[in-house]
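Look at the model first, then read on.

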Amino acid sequence: MAVAEINVIPLGTGTPSLSKYVASAVKVLQQEKDLKYEINSMGTVIEGDVDKILAVARKMHETPFSEGLDRVETIIKIDDRRDKSLSMSGKISSLKEKLGY
């Protein structure tokens, strides 16, 4: 199980607002059955099989192109741990424990 953060950044939209394009990319993710995800103000965090994450990241990356844009920057950060189970909630719990929450 892996945890990844993805940021799909459409370029050349003619406006500083990107939420329309971000929403389209997240709608692609909503169709996936085997992936958990959380959106936040700076990106989307996905939990699941690394191959499935990479496949949906490709689909999300393609979304702004299908809406007529000519340039998209996508940033993907993956934490793929093989020695023990990894989850979004587990990572947060571990941090909170160390912070004394």
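A residue counts as exposed when its relative accessible area is over 50%, as buried when that area is under 20%, and as partly exposed in between. The model shown here is predicted. Lys77 has a relative accessible area of 54%, so Lys77 is exposed.

**Salt bridges**

How many salt bridges are there? A salt bridge needs a side-chain nitrogen of Lys or Arg within 4 Å of a carboxyl oxygen of Asp or Glu. By this rule the count comes to 7. Three of them are among those listed here:

| Pair | N to O distance |
|---|---|
| Lys77 and Glu5 | 3.6 Å |
| Asp34 and Lys52 | 2.8 Å |
| Glu62 and Arg58 | 3.3 Å |

Take Lys77 and Glu5. Their side chains meet in a salt bridge, 3.6 Å from N to O. Lys77 lies in strand β4 and Glu5 in strand β1 (residues 2-11), so this pair ties together parts that are 72 residues apart in sequence. Glu5 has a relative accessibility of 22%, so Glu5 counts as partly exposed. Lys77, at 54%, is exposed.

Next come Asp34 and Lys52. The closest N and O atoms of this salt bridge are 2.8 Å apart. The pair links distant parts of the chain, 18 residues apart. Asp34 sits in the loop between α1 (19-30) and β2 (36-40). Lys52 belongs to helix α2 (residues 50-66). Asp34 is exposed, with a relative accessible area of 54%. Lys52 is partly exposed, at 37%.

Where do Glu62 and Arg58 lie? Both are in helix α2, 4 residues apart, which is about one turn of the helix. Is Arg58 buried or exposed? Arg58 has a relative accessible area of 55%, so Arg58 is exposed. Glu62 is partly exposed, with 31%.

**A nonpolar patch**

Charged pairs are one topic; nonpolar side chains are another. Which residues form a nonpolar patch on the surface? They are Leu54, Ile76 and Ile78. Together they have about 230 Å² of accessible area. Ile76 lies in strand β4 (residues 71-80). Ile76 has a relative accessible area of 38%, so Ile76 is partly exposed.

Notes
Residues numbered from 1 in each chain as written. Predicted model: local features only at pLDDT ≥ 70, side-chain atom pairs only at ≥ 80, totals over all residues. Heavy atoms only, no water. Patch = residues over 30% accessible without salt bridge, like charges linked within 9 Å, V, L, I, M, F, W, Y side chains within 5 Å. Areas by Shrake-Rupley, 256 points an atom, 1.4 Å probe, with all protein chains shown as cover. Helix = DSSP H or I, 4+ residues; strand = E, 2+ residues; numbered from the N terminus. Buried < 20%, exposed > 50% of the residue type's maximum accessible area, 1.4 Å probe, protein only.
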